[in-house]
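Student: Hi! I'd like to walk through a structure with you. Could we take it piece by piece?

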Amino acid sequence: MEENFNKKPEQIVKKTSKQEPSTKMKKKKAKVAVITLSTIVVLFLGLQVYASTNGYGNVFFMIKNLITTGNPAGEQEIFSDKDITLSYKSIEVAEGLKIQANRLEVKDGKTKIYLSIKSESYNHLPLKYDISTTDNTGKLIKDKTRSMGIAPENDDDISYQEVITLDYEVGDNDIIVIKIIDVMDKELRTLEINLQTREITIKGEKDFEKISQIELKKYLSAFSLLNDKSNYTVSDNMIEIATKIQAIDNSKILLKRETINEIAKQIYGENAKFETKKDSQGKDVEVLKDMRVGTYETLDDTYDLMEHDREGKCLKIEDIEFENDIYTV
C-alpha cells in the first residue's frame with residue numbers, strides 16, 4: 001500500500017488497464033454469448049416442436065428411436081433358423097416296426113425331418129418316404145418328393161435314425177404329409193405333422209383280425225348282470241362284473257381292492273366313483289363309493305359281496321362293428 005502512495009495517479013491507472021478488460025469488451029462478449037445461447041434454444045425448441053408433431057414425447061426419445069433397430073422378440077425375430085421338437089412317442093406303423101418323428105429343422109432354404117426307427121426284423125426295411133406339404137385347408141403347396149431310407153447295419157437290435165431332407169422351407173402353418181412305404185412298396189402309414197396345432201395324425205389301414213364269438217359271449221354274459229336293477233348300485237355291479245371277468249381266464253378270483261379298482265377303471269372310466277378310506281395300516285386308499293351290497297374289508301384290503309348268486313347269459317349277438325380298434329356290440 002505504501003508503494004502505491006509514492007506513485008503518480010496515471011501510473012496506477014495504466015497498470016489497472018492492463019489487468020482487467022474494458023467495459024466495452026465485456027458487453028461485446030456477453031452479446032455473443034446471448035446470441036449463441038438463443039440460437040441453441042431456438043434449435044432445440046424447433047426440434048422439440050417437430051418431435052411433438054410426429055408423436056414423440058421429446059427430441060431425445062425420437063433420436064433414440066431413430067438409432068435403434070426395434071425390439072425383436074420371439075423365435076421368428078431372433079433366430080435365423082428353426083429347430084422344433086416334434087415327439088418322442090413311438091408310432092407303430094407295422095407289426096414289429098415303430099417310428100418316432102423327433103425333430104424338424106428349417107435352415108438355409110431347406111427342411112430336415114429326423115426320424116428314429118426301431119424294428120424287430122428286416123421284413124419292411126429299408127423304408128421309403130413320399131413327402132408333400134399342404135396348408136391348413138388341405139391345399140397342396142409342394143407336391144410329393146420321394147426319399148429313400150437307409151439300409152441299417154446288421155444288428156440284433158435294429159435301431160437307427162433317418163434324416164429326410166426337403167429342398168424348401170416349410171411354413172409355421174403348414175402340414176407335412178409323410179407316407180411311409182416298405183421295401184415291397186406296401187404303404188404302411190401316413191403321418192400328418194401339423195405345425196400350427198402341433199399335432200401328428202396317423203392315417204392308414206390296419207390288418208383286421210377276426211375274434212372268437214364264443215369268447216366274446218363269455219364277456220358279454222358278465223355284463224348282462226347290468227340288466228338286474230334290484231338293490232344293486234353301480235359300485236356293486238363293478239365288483240361282481242370284475243370278479244366274473246377274472247373267472248373267464250383264471251381259475252383263481254382275486255377280490256383285492258387294487259385289482260377290482262383297476263378293472264372298474266378300464267370298464268367304466270370316469271364313471272367309476274371312489275372315496276378315500278384308511279386301510280389296516282392307516283394309509284389312505286381308494287375305495288369304490290356308494291356300495292350297498294358290497295363291502296370293503298379293511299383287514300385284508302379286499303372287497304366282499306354278500307350275495308354271489310346272480311348269473312347272466314348272452315344268448316345272441318344281434319350286431320357288431322369294429323372302428324378305431326373298438327368293437328361296438
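Student: Let's begin with Glu-275 and Lys-277: what joins their side chains?
Tutor: A salt bridge does, with 3.9 Å from N to O. Keep in mind that this is a predicted model.

Student: How accessible is each of the two, Glu-275 and Lys-277?
Tutor: Glu-275 counts as partly exposed at 30% relative accessibility, and Lys-277 is partly exposed too, at 34%.

Student: How many salt bridges turn up in the whole structure?
Tutor: A search of the whole structure gives 15. One of them links the side chains of Arg-103 and Glu-105, at 3.0 Å from N to O. Arg-103 is partly exposed at 21%, and Glu-105 is partly exposed at 22%.

Student: Which residue does Glu-215 pair with?
Tutor: Its salt-bridge partner is Lys-218, and the closest N and O atoms are 3.2 Å apart. Both residues sit in helix H6, 3 residues apart, so about one helical turn separates them.

Student: Why does that spacing matter for which way residues point?
Tutor: An α-helix has 3.6 residues a turn, so residues three or four places apart point the same way. As for accessibility, Glu-215 is partly exposed at 33%, and Lys-218 is partly exposed at 37%.

Student: Staying with H6, which residues are buried there?
Tutor: Leu-216, Ser-221 and Ala-222 are buried in H6. The buried residues of this helix pack against H7.

Student: And what caps the N-terminal end of H6?
Tutor: Ser-212 does that: one of its side-chain oxygens lies 3.3 Å from the backbone nitrogen of Ile-214.

Student: Where is Asn-231 found?
Tutor: Asn-231 belongs to the loop between helix H6 (213–223) and helix H7 (234–249). Its phi is positive, about 65°, although Asn-231 is not a glycine. Asn-231 is partly exposed, with a relative accessible area of 45%.

Student: What about the backbone of Asp-185?
Tutor: Asp-185 has a phi near 65°, which is a positive value in a residue other than glycine. You'll find Asp-185 in the loop between strand S8 (175–181) and strand S9 (187–194).

Student: Over to the strands, then. What is the strand order in the open sheet of 5 strands?
Tutor: The order is S6-S5-S8-S9-S10, and the pairing is antiparallel. S6 and strand S10 (199–203) are at the edges, where each has a single partner strand, so one side of each is left without a neighbour in the sheet. On average, neighbouring strands of this sheet are turned by 15° against each other, with direction ignored.

Student: How many bridges join S5 to S6?
Tutor: There are 6, and the two strands run antiparallel. Asp-130 stands opposite Arg-146 in S6. Asp-130 and Arg-146 also belong to a network of salt bridges that includes Lys-144.

Student: Let's switch to the inside. How many residues make up the largest nonpolar core?
Tutor: That core has 29 residues, and the ones with the most contacts inside it are Leu-127, Tyr-129, Ile-176, Ile-178 and Ile-180. The elements giving two or more residues to it are strand S2 (91–94), strand S3 (97–107), S4, S5, S7, S8 and S9. S3 provides the largest share, 5 residues.

Student: Which residues does Ile-178 touch, leaving out those up to four places away in sequence?
Tutor: Its contacts are Ile-113, Tyr-129, Asp-130, Ile-131, Arg-189, Thr-190, Leu-191 and Ile-193.

Student: What separates the C-alpha atoms of Ala-151 and Pro-126?
Tutor: They are 5.0 Å apart, while the two residues are 25 residues apart along the chain. Pro-126 lies in the loop between strand S4 (110–119) and strand S5 (128–134).

Student: And which form does the peptide bond from Leu-125 to Pro-126 take, cis or trans?
Tutor: That peptide bond is cis, with omega near -5°.

Conventions:
Residues are numbered from 1 along each chain as its sequence is written. This is a predicted model: local features need pLDDT of at least 70, side-chain atom pairs count only at pLDDT 80 or more; totals for chains, interfaces and linings use all residues. Side-chain values use heavy atoms; hydrogens and water are left out. Helices (H or I, at least four residues) and strands (E, at least two) are DSSP runs, numbered from the N terminus. Buried means under 20% relative accessible area, exposed over 50%, partly exposed in between (1.4 Å probe, protein chains only). A salt bridge is a side-chain nitrogen of Lys or Arg within 4 Å of a carboxyl oxygen of Asp or Glu. Contact means heavy atoms within 4.5 Å. A polar contact is a pair of N or O atoms within 3.5 Å; within protein, one must be able to donate a hydrogen and the other to accept it, and residues adjacent in sequence count only if both atoms are side-chain atoms. Two strands pair if DSSP finds at least two bridges between them. Axes are lines fitted to C-alpha atoms, for helices over the stretch in contact, and angles run from 0 to 180 degrees between N-to-C directions. A nonpolar core is a set of buried Ala, Val, Leu, Ile, Met, Phe, Trp, Tyr and Cys residues joined through side-chain atoms within 4.5 Å.
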